[in-house]
Each structure stands twice: as structure tokens, then as C-alpha cells.
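Dear colleague,

Please find below the structure that I am handing over to you. My notes on it come after it.

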Amino acid sequence: IKELCDLVKPQYGILTAVGKQHLETFGTYQNVLSTKAELLDALTDGYAFVNGDNKDCVTIYEDCQAKEKHLFGIKGESLYLRAGDVQVTREGSTFTLYTEDGGSARCSTKLLGRHNILNIAGAAACAYRIGLTLEEIQRGIAKVEPVEHRLQLIPGPVTVIDDAFNANPAGVRAALDVLAQFDGRRIVVTPGMIELGDEEEEQNEAFGRRLAKCADIVLLVGEIRTIPI
């Protein structure tokens, strides 16, 4: 991240989350934290927008020396921009954006999951600070399309939720929360989570316990990583 920031000199940075991923290569969670913080470290003449619902993000925010910094979120208080009154369905989500200066706008998105509302709130906070109106932001949110393989809804005789890209604990929890909202027989196909270092077995066991609560059938692909599940 530092190398990229040295190259492009960003003026705006959005920190959406810090989670346990790529531990196999990073070694420790502290290394993940430090690396995520490199984005905000590069914003001494710029603007930082940080997830106020994530305690580790808030820790990075408190140390941030950006020219200007703001918090966004769903649950937090004293936020520059907050997404509230959230309603999540299988068709997408609706929520209200509230700004710290008293503005509000009811928004709808095709994206699935509460975590995507948090991501939208971060983008909206940046857009609002740049000068877009809430009405312009509202129209933009309605046009957002899902990214391939990230909770991508594929309708048909059998509804498919393609989340093949994600393989970290936070992403898995979000995907299963979405799955739990659907009626009918719920089938999960998974090879388990990878690149979690010493925590891989423990995290895959936790994945298995969550699967047992929301899936009717689980098809495990491969042997080594699926034994804990």
C-alpha cells in the first residue's frame, strides 16, 4: 500500500475494514493493521474517511495525521455520515443516509448484505465532502451493480449467490448472513478458507458451526482444509 501511495500520491482515502486475512503471508494480525494504516499515513495533505464501526479502524483513525479526517458507519455516534434505518432483503437493501449537518436521503441498492451498506456509506461520505448533493449520491447508489464473484446474485430456476472471491472470516460471515435471509433449501459449496496461517483450522471450524445454522446441504471441495469444517 505504501508503494502504491508513493507512486500516485492519493488525495482521498477510504478505510472500510481491517480483518484477519492473508495471515499466511503477513504473519500476524498486527502486520495487517500496520499495512492498512499506510493508506492514511500517505494523506498528510489529503482527506481520510474511516469506518467508525470497526474498533481497529478507529484506532488507525485516531493516529491518522491527514489534513482532514471523518468517520462513517451504521452503529457509531458522532459520525460525519451514517447509514440508518437499514432494511436488508434478498433483492437488495434500503437505508437512510444521515449527515452530521442534518441532511438525510432514503437510498436503495441492488447489493446484498449490511457490509455493502457500510461500504456505500464510506463512498457516500467521500462524495459528500467533495461536493455532491445527497440527491446526486442517492441516484448514484441506485445504479451500483454487484461485482462479479462478490455476493453476486444470479437468478434462475435455482438462485445462485456467487461469492467465490471471498475467503476470509468477515466475508464468510457476511455471505452466510445473506444466505440465511433466503427461503427454501439452502446449499453451500465451499473449499474452506485459505491463507489464514496458524488460525486456519480454528477459523474453518467456526465456519462449519455457522454453516450448520443456516445451510441445509454443504458440499465440501477438497480434503485438507475441509476437515475442520
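The notes below cover the salt bridges and then one threonine.

This is a predicted model, in which local features need pLDDT of at least 70, side-chain atom pairs count only at pLDDT 80 or more, and totals for chains, interfaces and linings use all residues. Residues are numbered from 1 along each chain as its sequence is written, and side-chain values use heavy atoms, with hydrogens and water left out.

Side chains of opposite charge can pair when their charged atoms come close. The structure holds five salt bridges (a side-chain nitrogen of Lys or Arg within 4 Å of a carboxyl oxygen of Asp or Glu).

One of them joins Asp6 to Lys2, with 2.8 Å between the closest N and O atoms. Both residues belong to helix 1 (residues 2-8) and are four residues apart, about one turn of the helix. Helices here are DSSP runs of H or I with at least four residues, and strands are runs of E with at least two, numbered from the N terminus.

Another salt bridge pairs Arg129 with Glu68 at 2.4 Å, N to O. This pair links distant parts of the chain, 61 residues apart: Arg129 is in helix 5 (residues 114-130) and Glu68 in strand 3 (residues 68-73).

Thr109 is found in strand 6 (residues 104-109). Thr109 counts as buried because its relative accessibility is 7% (buried means under 20% relative accessible area, exposed over 50%, partly exposed in between, with a 1.4 Å probe and protein chains only).
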